[in-house]
Amino acid sequence: MDIFGVPHQALLGQVFIGLVNGSFYAILSLGLAIIFGLLNVVNFAHGALYMMGALVTWMGLNYLGLNYWASLLVAPLVVGYFGILCERTMIRRLRKLDPIYGLLLTFGMAQVVQSLASNSYGVTGLAYSPPALLQGATNVGFMRLPNYRAWVVFASMAVCLATWYGIERTRLGAYLRAGTENPGMVQAFGINLPLIVTMTYGFGAALAAFAGVLAAPVMQVSPLMGADIVVVVFAVVVVGGMGSILGSIVTGLTLGVVEGLTRVYYPPASNVVIFVIMAVVLMFRPSGLFGQQK
């Protein structure tokens with residue numbers, strides 16, 4: 001059966017591929033939204049942190065013998081700690097200034113991290129195989145569904161929903177959200193707001209690293225892999241609404257599917273369709289689809 005001239009097997013296959021890409025967009029844009037919405041920092045180093053997660057995964061296997069499942073925990077912890085160090089030593093000093101200073105600082109951080117990785121490992125890419133448990137594919141009727149890609153969608157959605165719940169439905173999330181509105185009052189109640197802010201940046205960095213671990217078996221681990229995706233992720237965040245947690249998740253998944261469908265019906269536009277949507281959204285709703293006008 002054809003759908004608008006395209007066999008339904010091919011169409012559904014592209015929708016699933018778009019959902020996989022959308023899962024990466026969702027978890028990366030979620031980390032960006034947390035850091036901007038709660039810390040008011042435009043974190044241009046997010047792509048480099050994503051790359052670090054994939055690279056730490058590759059290094060853990062080849063240097064320390066850590067398997068994929070251990071890397072799902074170790075890589076976010078390592079990169080999250082790196083993010084904490086960056087927040088405490090550099091980013092904290094710029095929080096009360098215009099966000100452009102934070103953007104320039106994190107852009108410089110990204111360039112340094114990518115250059116160090118390129119000098120050490122080159123730019124051709126490093127192969128990383130999926131774990132044996134997730135290799136192969138399952139026949140779901142209309143296509144053979146790669147097991148690892150199905151795991152990517154499941155794992156990223158589980159982490160995104162858990163993060164949303166933690167920020168929107170727990171006491172710690174309430175403290176953090178209140179701290180962004182009235183930090184003086186929150187500290188007056190004896191809450192260590194600077195520590196919460198530091199840990200939040202570290203958590204955003206850990207989210208990027210977790211996405212990097214998921215991406216390592218899907219694509220080659222390359223020092224430039226973060227630079228290739230971070231611009232798209234920024235567009236996703238803008239469409240969803242800067243600082244909107246739910247908007248980042250929903251928009252990331254939706255735009256991933258839209259990108260996949262565009263590859264079917266008009267492939268030349270697949271690389272720009274997200275930016276076209278961003279331009280249209282900004283014309284009619286500058287705060288984004290889920291953002292609030294301030």
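S244 is buried, at a relative accessible area of 12%, where buried denotes under 20% relative accessible area, exposed over 50% and partly exposed the range in between, for a 1.4 Å probe and protein chains only. The residue sits in the loop that joins α9 and α10; helices here are DSSP runs of H or I with at least four residues, numbered from the N terminus. With neighbours within four places in sequence set aside, S244 is in contact with A33 and F290, contact being heavy atoms within 4.5 Å.

The model is a predicted one, in which local features require pLDDT of at least 70 and side-chain atom pairs count only at pLDDT 80 or more, while totals for chains, interfaces and linings use all residues. Residues are numbered from 1 along each chain as its sequence is written, and side-chain values use heavy atoms, with hydrogens and water left out.

| Helix pair | Angle between axes | Axis separation |
|---|---|---|
| α1 and α9 | roughly 70° | within 9 Å |
| α9 and α10 | about 120° | 8 Å |
| α10 and α11 | about 125° | 9 Å |

The angle of the α1 and α9 pair makes α1 roughly perpendicular to α9; angles under 35 degrees count as roughly parallel, over 145 as roughly antiparallel, 65 to 115 as roughly perpendicular and the rest as oblique. On the α1 side the contact is formed by F24, Y25, L28, S29 and L32, and on the α9 side by I229, V232, V233, F234, V236 and V237. By class, this contact holds 10 nonpolar residues, one polar and no charged. In this scheme Ala, Val, Leu, Ile, Met, Phe, Trp, Tyr, Cys and Pro are nonpolar, Asp, Glu, Lys and Arg are charged, and the others, Gly among them, are polar.

Helix α9 (residues 225–240) packs against α10 at about 120°, which makes α9 oblique to α10. The crossing of α9 past α10 is right-handed, that is, the near helix is turned clockwise from the far one by less than a right angle. V236, V239 and G240 of α9 meet G247, S248, T251, G252 and L255 of α10. The contact of α9 with α10 comprises three nonpolar, five polar and no charged residues.

Helix α10 (residues 245–265) packs in turn with α11 (residues 273–284), and their angle makes α10 oblique to α11. From α10, the residues L255, V258, E259 and T262 meet V273, I274 and I277 of α11. Five nonpolar residues, one polar and one charged make up this contact of α10 with α11. Also in α10 is V250, which counts as partly exposed at 33% relative accessibility. V250 and Y25 are 225 residues apart in sequence, yet their C-alpha atoms are 9.9 Å apart in space.

A54 lies in helix α2 and is buried, with a relative accessible area of 0%. Not counting residues up to four places away in sequence, A54 touches G212, V213, A216, V221 and M225. M225 belongs to helix α9 and is buried as well, at a relative accessible area of 6%. Under the same exclusion of residues up to four places away, M225 touches Y50, M51, A54, A215, M219 and Q220. G125 is 8.9 Å from M225, C-alpha to C-alpha, across 100 residues of sequence, and 11 Å from A54 across 71 residues.

L61, in helix α2 (residues 46–64), is partly exposed, with a relative accessible area of 38%. Apart from neighbours within four places in sequence, L61 is in contact with L66 and Y128. The C-alpha atoms of L61 and V258 are separated by 35 Å, the two residues being 197 apart along the chain.

**The buried face of α6**

In helix α6 (residues 171–181), G173, L176 and G179 are buried. Seen down the axis of α6, its buried residues fall within an arc of 125°, so they line one face of the helix; the arc is that of the directions from the helix axis to the C-beta atoms. R171 and E181 are exposed on the other side of α6. The cover over the buried residues of α6 includes α1 (8–39), α5 (147–169), α7 (183–188) and α8 (193–215).

Definitions and conventions:
Axes fitted to C-alpha atoms, helices over the stretch in contact; angles between N-to-C directions. Helix = DSSP H or I, 4+ residues; strand = E, 2+ residues; numbered from the N terminus.
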